[in-house]
Amino acid sequence: LLLYARNAEERVFGRFTAFMCRFSNIFNGLNERDDNKTAIWEFDLGRKGSGGLLDEFPAVVVSDGMLKAGAVALLLSLDSPPALILLEEIENSINPANIQLLMSWIWQAAATDPNKRSTQFILTSHSPLVLREFHDKPHYVYVVRLERRSFSSTVTNLNETLKTLRDIGAIDDGDDIEIREEDHREIIQIPKYRLAELWYSGIIG
């Protein structure tokens with residue numbers, strides 16, 4: 001798919017390359033090996049004595065995190081992206097420093113744009129680093145908890161959980177919590193660090 005985009009979809013490939021250069025400053029692009037039509041990932045590792053030559057690697061030796069970022073970047077670069085994208089354990093193999101950037105791509109793609117079809121994402125995660133990116137949008141988060149005795153799962157909306165915690169005094173306005181109105185309902189905004197603390201303590205996760 002990347003080779004097709006490189007050879008036939010210049011705008012798509014240009015956007016993909018721009019995404020990937022933001023994700024990793026050593027990424028330089030993709031090339032094609034003529035003998036078997038395989039994609040070669042090019043990186044500038046800054047090795048001394050290389051004469052400015054790029055380091056080339058087949059996809060099989062590129063990290064899982066880089067490949068995942070590449071897949072997301074390509075999907076977001078399409079002129080007509082899919083209406084629905086499901087990503088399981090989005091944080092797996094991703095450097096924690098890049099989680100915020102990856103999530104910003106997803107927010108960008110999911111934003112309503114009258115000139116472009118937006119994409120709906122369904123993400124699964126066990127990472128507080130991913131959860132933190134929803135600190136001002138907790139109504140988009142659903143927590144699935146396994147009830148071990150009955151072997152059934154309960155699903156709760158994070159915003160409703162935070163409202164309940166606020167009502168019973170488990171969290172208060174002194175935690176820099178803000179309330180805003182959106183679509184005739186209250187939305188709890190909570191600092192990233194506080195949301196992570198609630199997750200680590202097991203109160204919401």
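Predicted model: local features only at pLDDT ≥ 70, side-chain atom pairs only at ≥ 80, totals over all residues.
## Overall build

The protein chain contains 7 helices and 9 strands. Along the principal axes, its C-alpha atoms fill a box of roughly 65 × 40 × 35 Å. The radius of gyration of the protein chain is 21 Å, whereas a compact globule of 205 residues would have a value near 17 Å.

Of the 205 residues in the protein chain, 37% are buried. Among contacts with a separation of 6 or more, 53% are between residues 24 or more positions apart.

## The largest pocket

Rolling a probe the size of a water molecule over the atoms shows where empty space is left. In this model, the largest pocket holds about 900 Å³ of space. Its lining consists of 25 residues. Those that lie nearest the centre of the pocket are Leu 123, Phe 134, Tyr 140, Val 141 and Tyr 142. Two or more lining residues come from each of α4 (99–110), β5 (120–123), α5 (128–131) and β6 (142–147).

Sorted by class, the lining has 16 nonpolar residues, 8 polar residues and 1 charged residue.

## Helix α4

One of the elements that line the pocket is α4. This helix has 12 residues, and the span from its first C-alpha to its last is 17 Å. That is close to the 16 Å expected at 1.5 Å a residue.

Which residues of α4 are buried? They are Ile 99, Leu 101, Leu 102, Met 103, Trp 105, Ile 106 and Ala 109.

## Helix α7 and the segment after it

In α7 (192–200), the buried residues are Arg 194, Leu 195, Ala 196 and Leu 198. Their cover includes α5 and α6 (158–167).

Gly 202 lies in the segment after α7. Its phi is positive, near 85 degrees. Gly 202 counts as partly exposed because its relative accessibility is 34%, a value between the cut-offs of 20% and 50%. Gly 202 and Arg 180 are 22 residues apart in sequence, and their C-alpha atoms are 26 Å apart in space.

Most residues other than glycine have a negative phi. Glu 89 has a positive phi, near 50 degrees. Glu 89 is found in the loop between β4 and α4. Is Glu 89 buried or exposed? Glu 89 is buried, because its relative accessible area is 16% and the cut-off for buried is under 20%.

Phe 151 is not a glycine either, and its phi is positive at about 55 degrees. This residue sits in the loop between β6 and β7 (152–157). Phe 151 counts as exposed because its relative accessibility is 70%, and exposed means over 50%. Glu 89 and Phe 151 both lie in loops, but Glu 89 is buried whereas Phe 151 is exposed.

Definitions and conventions:
Residues numbered from 1 in each chain as written. Heavy atoms only, no water. 1 Å grid on protein atoms, 1.4 Å probe; cavity = no way out; pocket = protein on both sides within 12 Å on 5 of 7 lines; lining within 4 Å. Points joined across faces, edges and corners; volume = space filled by probe spheres on them. Helix = DSSP H or I, 4+ residues; strand = E, 2+ residues; numbered from the N terminus. Nonpolar A, V, L, I, M, F, W, Y, C, P; charged D, E, K, R; others polar. Expected span 1.5 Å × (residues − 1). Buried < 20%, exposed > 50% of the residue type's maximum accessible area, 1.4 Å probe, protein only. Rg over C-alpha atoms; globule rule 2.2 N^0.38 Å. Contact = heavy atoms within 4.5 Å.
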